[in-house]
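Please open the model in the viewer and keep the sequence panel beside it.

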Amino acid sequence: MIMILRKKIIRSIAAITATLSMLALPIASANAEEIVSPPYPEYTGWVVQDGEHYWFDSGTMARSKEIYDPSSNAWYWLDADGTMARNKDVYQRSNGGKWVRYDSNGHMIKGEDYRYGGWYYFDQTTGAMAKGMKYIGSNGGKWVYYDWTTGKMAHGEQYVNYDAQHTGWYLFDQYTGAMFHGDTYIRSNGGKWVRYDRVTGKMVKGLHYQDGAYYYFDQTTGAMAHGRVWVPEWNSYATFDSVSGRYVSKDSGNNNPGNTGGENIRGRFCKKSEKGQQRIDGDGTLIVCECRNGNNTPHWYAK
């Protein structure tokens, strides 16, 4: 009798457990097409339901695709569930693959955009997020750098290495992001004068000729030399002005790829006895002592 009663109790517990398990099963969510439908079978356009926007193309809901709405003259992205993307970055395979951004209205952003604490740029035609060096027209026109990974505009000192041409240190304005060109004092490495190339904007390193004079910049830090330093390009020690950094003199008895003094002598007077003679200028230019423009006073001129 006890055994029979125990079996009944076990069967009852099992039945209750099964019932509770069935109640705990999740209810299958309805498909988007089951809760959102177009006004008629061949409808093309927007359907708004519960605050969400859906796009139908000839009666078919758009999913995981971009669409163009001529009525608003804008491109949109529809997520996998059919809802319109808002305030969202999306990677698309069109145009060879690109990151694009959609604003609060779902419109594809084009041009400059400030978001996530920084500036970004999107192509005016394709909407593709810019990465790398780019010239833009704002602030009177400027070269800027958009991070190769995030696309965010760089400010301050920045090491760039996304390709061989641009590998090096650059300086970008703290506010506008404009690339700096020229000489400036920066506080890194204990403070130093450095030079950013007038054309490329890249930090200069090593021996550099500019405005009729040589300068030397540390091969590692880019710091401008002041005083006596070793110049590998000349295989010699040389002295540079303590204020301007301009080349002053080179230690005697060592080789120099320029003239014997390592200095620029172009345009200086030369002796009449030297007329017709040729020499190598400090920057490697072949020069000749001669008179020009009817002037009987000889000078050194570039050949």
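Which residues make up the largest nonpolar core? Select Y214, Y216, A225, V231, W234, A238, F240 and Y247: these eight residues form it. A nonpolar core is here a set of buried Ala, Val, Leu, Ile, Met, Phe, Trp, Tyr and Cys residues joined through side-chain atoms within 4.5 Å; buried means under 20% relative accessible area, exposed over 50%, and partly exposed in between (1.4 Å probe, protein chains only). Strands β17 (213-217) and β19 (236-240) each supply at least two residues of this core. In soluble globular proteins, nonpolar side chains tend to be buried together.

The model is predicted, local features need pLDDT of at least 70, and side-chain atom pairs count only at pLDDT 80 or more, whereas totals for chains, interfaces and linings use all residues. Residues are numbered from 1 along each chain as its sequence is written, and side-chain values use heavy atoms, with hydrogens and water left out.

Leaving aside neighbours within four places in sequence, Y216 is in contact (heavy atoms within 4.5 Å) with residues including G206, L207, M224, P232 and F240.

Next, select R101 in strand β7 (residues 98-102). Is R101 buried or exposed? R101 is buried, because its relative accessible area is 1%. The side chains of R101 and D89 are joined by a polar contact of 2.7 Å. Such a contact is a pair of N or O atoms within 3.5 Å; within protein, one must be able to donate a hydrogen and the other to accept it, and residues adjacent in sequence count only if both atoms are side-chain atoms. Beyond four places in sequence, R101 also touches H107, M108, Y116 and F122, among others.

Move to N95, in the loop between β6 (88-92) and β7. N95 counts as exposed because its relative accessibility is 54%. Display its side chain to find a polar contact of 2.9 Å with the side chain of K98. Then select A128: the C-alpha atoms of N95 and A128 are separated by 8.5 Å, although the two residues are 33 residues apart along the chain.

T184 counts as buried because its relative accessibility is 16%. Not counting residues up to four places away in sequence, T184 touches L171, K192, W193, V194 and Y196.

Finally, display the whole chain. The protein chain has two helices and 23 strands, which are DSSP runs numbered from the N terminus (helices: H or I, at least four residues; strands: E, at least two). Buried residues make up 34% of its 303 residues.
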